[in-house]
Amino acid sequence: MTDSTTQPRITIGVLVEDADRRAEFYEATFWSLRATPRELLASWLYDERGSILFDEITRLPEYYPTNAEREILAARAGEIAELTKGRTLVELGAGTSEKTLLLLDALAAAGTLERFVPLDVSDDILRLSAEAIAERYPTISVHGIVGDFERDLAAIPPGESRVIAFLGSTIGNLYPERRATLLQAIASALAPGDFFLLGIDLVKDPAVIARAYNDSAGVTEQFVRNALTAANRDLGADFVQERFVFDAFWDPEREWMDIGFNAVEAHTVHFAELEVDIELREGERLRVEVSSKFRREGIEAELAAAGLRVTSWWTDEAARFALLLATG
Ligand SMILES: C[S@@+](CC[C@H](N)C(=O)[O-])C[C@H]1O[C@@H](n2cnc3c(N)ncnc32)[C@H](O)[C@@H]1O
């Protein structure tokens, strides 16, 4: 771990750069490519270009989750500030923290906010947003963590009245078992007086959901294709974009969007860094990400199993998205 101070009130801790981490990540990529269906880990989505493309997705007319969550935050941030009296706001998978400003504003207005701790794997976006936030809130400190929320929760600094926010329904990108592990880790990280604030996309008309991932401008496709580009660059892979057709569909049984590609023709992809060749059949699936949608009873049961109790539940007007507050 290296710890560098870029400005007096901003510290950035980098946890993801060491060789062991990289080796583990490459190994996980190797095994997921050999799984059924084959999968290129979603972590390949979020390099610098991927983060910029995701930001573009959040502004698409079809991509309702961001607007729906913003609507809830705009209506409820004051109430959240009052309920939590948050002194430290931690944000997992923070990205640009654009919607988070609503929370930071409310906590600052309530006079309790002292520190913001964004955590994200994407180094560049994290630094940019940490700097912008330090500038906007001159009295608070900002401690960014370039890390993985599935393994680096121990890096969250101790403190009183912490709010750990996990917005954007990012939790839906984890498979149920990994979700359970993460929720347990979050429950263990919470001290008395701390809160967990979770944003989740709800089950609704599948056509509305599917449209959000099949936008007419094709930005989501570019975003997902960028994972192939990143693998070519960093894993010495030889993906040819034209050999894959983008396909994001609703799986009614699992209640998730299944996002990825189908191979146009049978062919082999070589991964120099992994020393492996993957033989794809014509039409074979290469999944990149799932995005689970939730029902209230289901997520409450998952939280309860991890030892978390829901104390508030809010949705947008159209009940597309929910924000909940939980304690340990
Ligand atoms: C779906 S975006 C959501 C961004 C933002 N929170 C929002 O609500 O718009 C997911 C974010 O989580 C980050 N991310 C994905 N997997 C991660 C992991 N394992 N650890 C830390 N950050 C991760 C990505 O870099 C990205 O910024």
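Trainee: Which residues does Asp152 touch, leaving out those up to four places away in sequence?
Mentor: Asp152 touches Leu15, Arg21, Leu119 and Gly147, where contact means heavy atoms within 4.5 Å. This is a predicted model, in which local features need pLDDT of at least 70, side-chain atom pairs count only at pLDDT 80 or more, and totals for chains, interfaces and linings use all residues. Residues are numbered from 1 along each chain as its sequence is written, and side-chain values use heavy atoms, with hydrogens and water left out.

Trainee: Is Asp152 buried or exposed?
Mentor: Asp152 counts as buried because its relative accessibility is 5%. Buried means under 20% relative accessible area, exposed over 50%, and partly exposed in between, with a 1.4 Å probe and protein chains only.

Trainee: And where is Asp152 found?
Mentor: Asp152 is in the loop between β6 and β7 (162-166). Strands are DSSP runs of E with at least two residues, helices are runs of H or I with at least four, and both are numbered from the N terminus.

Trainee: Which strand does β6 pair with, and in what sense?
Mentor: Strand β6 (residues 141-146) pairs with β2 in the parallel sense over 5 bridges; two strands pair if DSSP finds at least two bridges between them.

Trainee: Why is β2 described as largely enclosed?
Mentor: Strand β2 (residues 10-14) is largely enclosed by the rest of the structure because 4 of its 5 residues are buried.

Trainee: Turning to the ligand, how many residues surround it?
Mentor: There are 17 residues around the ligand, and the closest are Gly93, Lys99, Asp120, Asp148 and Phe149. A residue is near a molecule or strand if one of its heavy atoms lies within 4 Å of it.

Trainee: What are the distances from ligand oxygen atoms to the side chains of Lys99 and Asp120?
Mentor: For Lys99, a side-chain N or O atom is 2.7 Å from an oxygen atom of the ligand. For Asp120, the corresponding distance is 2.6 Å. The protein buries 90% of the 590 Å² that the ligand exposes when taken alone; these areas come from the Shrake-Rupley method with a 1.4 Å probe.

Trainee: Where is the cis peptide bond?
Mentor: A cis peptide bond joins Thr36 and Pro37, with omega about -10°. Pro37 is in the loop between α1 (19-33) and β3 (38-39).

Trainee: What about phi of Ser169?
Mentor: Ser169 is not a glycine, yet its phi is positive, near 55°. Most residues other than glycine have a negative phi. Ser169 lies in the loop between β7 and α6 (176-189).

Notes
A polar contact is a pair of N or O atoms within 3.5 Å; within protein, one must be able to donate a hydrogen and the other to accept it, and residues adjacent in sequence count only if both atoms are side-chain atoms.
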